[in-house]
Amino acid sequence: VLTSTGSGVAWEDAGGGEYVLISSTAVSNAATCEFDYDDMNPSTYAAYMVVLANIVPVTDNAHFYMYASSTTSGTITWSSAYYHGSTNSNEMQISGGGVGSATSEAGVSGQVMIYNRYIYQPYVMSEIVYADTSNNITTNRDEWQVRISADIYAIKFQFHTGNIESGIIKLYGIKRVGDNV
C-alpha cells in the first residue's frame, strides 16, 4: 500500500488478514484425512479455510463428515458435541446426503470455514457441491457450533462408511493481523 509519510510517500504492508497454505493432502484410499495441532495454531491464525476437491468415497452413498478437537498434544480426542440448528449432533455432516462413487461422479468439492479465535464455542460453515448416487449435482450449505470451550486445534474428514478413495484437501490459515484481544 502506498501511504503518506508526512513529507512524501512510502510503501507499507497492507492491513488485514492473509490466507496461508498450511497443508495440501492428496488422499488415496484412506480412512480419514486429519490436520492436527502441528498444522492448526490459533496464536498464528484467526480462522481457517479448508478446500475440498473431488473427494470420492470407496463405498457408494456414503455421507461425508468433519470432526473437531481442542487437543493440543498426544492422542487426539475428537468432540462428539456439535450444535446444528436446534439439535445436538455427534458429527458435522458436510454432504447433505449420500455421495456417489462411480467413475463419472465427481465426489465432494467446496470449502469449509472455521471461525475459531476468541469464540467460546467456535463456528464452522460449509458450502459444497457433490454428485449423489444418481450423478445429480447437489449443493449443500450448512453451519454448526462446535461445543468445545477452546480453540479448534485439529480437524478430521471421513465418510460414515468406507474409505476416502481419492481427492485433495487443502488447509489454509487466515493470519491474525491487528488482533489485540
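**Strands and aromatic pairs**

The protein has 181 residues, and 40% of them count as buried. Keep in mind that this is a predicted model.

Now the overall layout. The protein contains 14 strands and zero helices. Among contacts with a separation of 6 or more, 77% are between residues 24 or more positions apart. The accessible surface is about 9000 Å², and carbon and sulfur atoms account for 46% of that.

On to the rings. How many aromatic pairs are there? The count is four. One of them is Phe64 with Phe159: the ring centres are 4.8 Å apart and the planes are at 50°, so this pair is tilted. Where do the two residues sit? Phe64 is in strand 6, residues 64-69, and Phe159 is in strand 13, residues 154-159, so the pair ties together parts 95 residues apart in sequence. Phe64 is buried, with a relative accessible area of 0%, and Phe159 is buried too, at 2%.

Another pair is Tyr65 with Tyr67. Their ring centres are 6.5 Å apart and their planes are at 45°, so this pair is tilted. Tyr65 is buried at 11% relative accessible area, and Tyr67 is buried at 14%.

Back to the phenylalanines for a moment. Phe64 and Phe159 form one aromatic cluster together with Phe157.

Last item: what sits over the ring of Tyr67? The charged end of Lys156 does, 5.0 Å from the ring centre.

Definitions and conventions:
Residues are numbered from 1 along each chain as its sequence is written. This is a predicted model: local features need pLDDT of at least 70, side-chain atom pairs count only at pLDDT 80 or more; totals for chains, interfaces and linings use all residues. Side-chain values use heavy atoms; hydrogens and water are left out. Helices (H or I, at least four residues) and strands (E, at least two) are DSSP runs, numbered from the N terminus. Buried means under 20% relative accessible area, exposed over 50%, partly exposed in between (1.4 Å probe, protein chains only). Contact means heavy atoms within 4.5 Å. Accessible areas come from the Shrake-Rupley method with a 1.4 Å probe; for residues, only the protein chains shown count as cover. Rings of Phe, Tyr and Trp (its six-membered ring) pair if their centres lie within 6.5 Å; planes under 30 degrees apart count as stacked, over 60 as edge-to-face and the rest as tilted. A charge sits over a ring if NZ of Lys or CZ of Arg is within 6 Å of the ring centre and within 35 degrees of the ring normal.
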